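User: I have a structure open and want to go through it with you. Can you take my questions as they come?

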Amino acid sequence: MTKKDYDAIVIGAGFSGLAVLHHLREIGLDTIAIDGADGIGGTWWINRYPGVRTDSEFSYYSFSFSKEVREEWVWTERYPSGQEVLNYLNFVADRLDLRKDIQLGKWVEKAVYDETANRWTLSIKGGETLTAKYLISGMGVLSQPIWPSIPGRETFQGAMVHAARWPEGLDLTGKRVGLIGLGASGIQITPTIAPECGELFVFQRTPNFIVETNNDPVTPEQLQHVREHYDEIFERAANHPFGVDMVPAQHSALEVGPEERDRIFESKWNEGGFHFANECFNDLATNHESSELASEFIRKKIREIVKDPATAELLSPRGYSFNGKRVPTGFKYYDTFNRENVHLIDTKTTPITEFTEKGIRVGDTEYELDVIIAATGFDAMTGTLTNFDIVGRDGVILRDKWSTGIRSNLGISMNGFPNLLLSLGPQTPYSNLPVPIQLGAQWMARAIAFAEKNGVPALEATVESEEWWAAETDRAGKATVMYTEGQKAKAWFFGENVPGKPREFQVYMGGGQVYQQYCRDAEADQYRSFRAAEQHQLAESA
Ligand code: NAP
């Protein structure tokens with residue numbers, strides 16, 4: 001008979017699923033990871049669009065907990081391609097012998113908590129049922145794609161694809177291609193497909209501030225250096241607000257004169273990518289005036305790179321400043337607009353009217369296309385947790401609990417949902433993600449080990465802790481330039497890309513290192529703020 005009952009089930013077999021599975025097995029829990037996909041890799045399994053790659057450098061876009069993996073895995077690019085990360089995760093699964101406890105092709109349709117048994121029951125598509133005492137979500141924060149709300153999607157006669165559901169074998173050679181969406185996905189797709197396409201029409205609503213970089217091969221010396229210093233690298237990343245191996249800048253952009261400021265901006269721009277965002281000055285995300293100085297520097301760079309002044313101006317964000325939206329890394333993004341076959345269409349002034357049989361209509365102009373790519377993002381942070389019924393105590397569905405606002409303790413646990421734990425839940429740090437994933441999985445293993453050893457019936461956030469964390473998430477978000485009234489860009493961070501979603505900070509902006517300290521504090525306090533289940537039992541029996 002096939003086994004159905006486990007100590008713990010992790011949903012997801014990406015970075016989160018693998019880390020949680022590994023660490024829960026280490027504490028002796030009978031654990032499996034299940035995933036609806038047919039392969040290991042999570043977001044890297046799903047996202048196969050042309051140009052997909054990390055925008056964090058390889059040295060800190062990985063786990064540090066396995067000596068074998070660290071020493072045997074060979075990174076080849078400074079910013080590894082999606083395929084390379086996928087290969088890495090498969091290597092992790094093999095090297096740590098995780099595969100025997102991973103079940104693929106299992107799509108969870110419903111999860112229900114049974115208070116009498118203190119267990120979760122999962123209904124799997126196709127009729128199977130699995131149960132576990134602990135249910136852990138490793139479903140990813142950007143996994144629930146959304147299409148643009150533009151009429152006529154069914155009308156278009158060509159191929160229409162979402163960036164996060166890229167079909168195998170889609171040939172763009174010589175085609176007329178339309179791309180909607182210029183977040184991190186669209187910004188990677190644009191330069192990659194431009195040389196193949198006959199004509200590429202890029203439909204831009206809000207331009208981003210993009211930090212350009214080079215993607216160099218990793219030399220054997222660099223790889224050796226990283227292998228020898230993995231712990232220090234991880235430690236620095238864990239202590240950095242954004243989870244990167246960079247030394248946070250010490251000074252405000254307002255403390256230095258214009259020449260010195262420009263020299264610093266220039267040198268960090270040349271180092272590429274997030275070095276510009278993190279190493280120039282300490283207030284580019286929190287002080288509007290400083291952020292605006294960085295904005296002007298990037299606008300100047302755009303004017304230098306892009307030859308047509310009108311296109312350069314259109315690519316230059318106005319009305320919000322640097323860090324006002326999630327900053328994407330560019331791999332010759334701006335250069336791409338110097339190509340004759342690439343056309344930038346402003347859909348801010350005149351929004352896209354509709355999809356037609358032949359293409360896209362913007363006002364009176366119809367663009368005839370063979371392929372339309374929607375790189376229009378995700379129902380971020382909460383989407384995977386609200387798109388099916390997760391039913392907690394007293395029949396409450398998580399989607400309903402969160403309908404007026406997210407409530408969780410540290411993004412890990414929710415009141416009313418005993419022993420449901422989230423890896424990278426909403427209200428966890430805005431960060432290079434493998435760092436909080438690893439630390440979170442290790443914290444979770446220690447918390448569960450504590451509960452098991454001390455007869456704690458379930459880990460469950462207290463109501464007070466949820467209110468505290470909601471207030472702290474709000475405070476931290478409002479202290480950033482993402483929240484400057486009247487200067488705000490629409491951002492998924494604030495739930496603004498999904499109609500009807502409460503407008504609130506979906507991520508914790510107070511810094512990864514601050515968040516980790518809160519997690520350590522909860523642990524030192526014997527998880528008191530996660531022990532509502534005991535209070536509930538006491539109340540019941542009183
Ligand atoms: P996104 O940042 O949410 O961007 C969606 C884009 O679609 C925006 O440019 C948005 O314009 C546009 N859009 C939506 N509806 C539209 C409409 N009706 N007309 C015109 N434009 C429309 O999505 P994403 O690029 O997939 O990135 C999401 C997140 O995933 C990133 O922020 C990042 O955290 C992660 N990601 C990471 C990597 C990486 O690390 N390598 C790569 C890809 C994604 P507006 O801005 O005007 O709303």
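Analyst: Strand 14 (residues 359-362) pairs with strand 15 in the antiparallel sense, over four bridges. Strands here are DSSP runs of E, at least two residues long, and helices are runs of H or I of at least four, numbered from the N terminus. Two strands pair if DSSP finds at least two bridges between them.

User: What should I know about the model and the numbering?

Analyst: This is a predicted model, where local features need pLDDT of at least 70 and side-chain atom pairs count only at pLDDT 80 or more, while totals for chains, interfaces and linings use all residues. Residues are numbered from 1 along each chain as its sequence is written, and side-chain values use heavy atoms, with hydrogens and water left out.

User: Back to strand 15. Which residue there is the bridge partner of glycine 359?

Analyst: Glutamate 368.

User: And what sheet do they belong to?

Analyst: An open antiparallel sheet of three strands, in the order 13-14-15. Strand 13 (352-355) and strand 15 (365-368) are at the edges with a single partner strand each, so one side of each has no neighbour in the sheet.

User: What about the sheet with five strands?

Analyst: That one is open too, with parallel pairing and the order 7-16-8-9-12. Its edges are strand 7 (159-162) and strand 12 (342-346); each has a single partner strand, so one side of each is left without a neighbour. The twist averages 20° from one strand to the next, with axes fitted to C-alpha atoms, for helices over the stretch in contact, and angles from 0 to 180 degrees between N-to-C directions.

User: How many bridges join strand 8 and strand 9?

Analyst: Five, in the parallel sense, between residues 176-180 and 199-204. Valine 177 stands opposite leucine 200 of strand 9.

User: New topic. Is helix 1 mostly covered or mostly open, and which residues are buried?

Analyst: Mostly covered: ten of its twelve residues are buried, meaning under 20% relative accessible area, with exposed over 50% and partly exposed in between (1.4 Å probe, protein chains only). Among the buried ones are Phe15, Leu18, Leu21 and His22.

User: What comes after helix 1?

Analyst: Glycine 28, with a positive phi near 90°.
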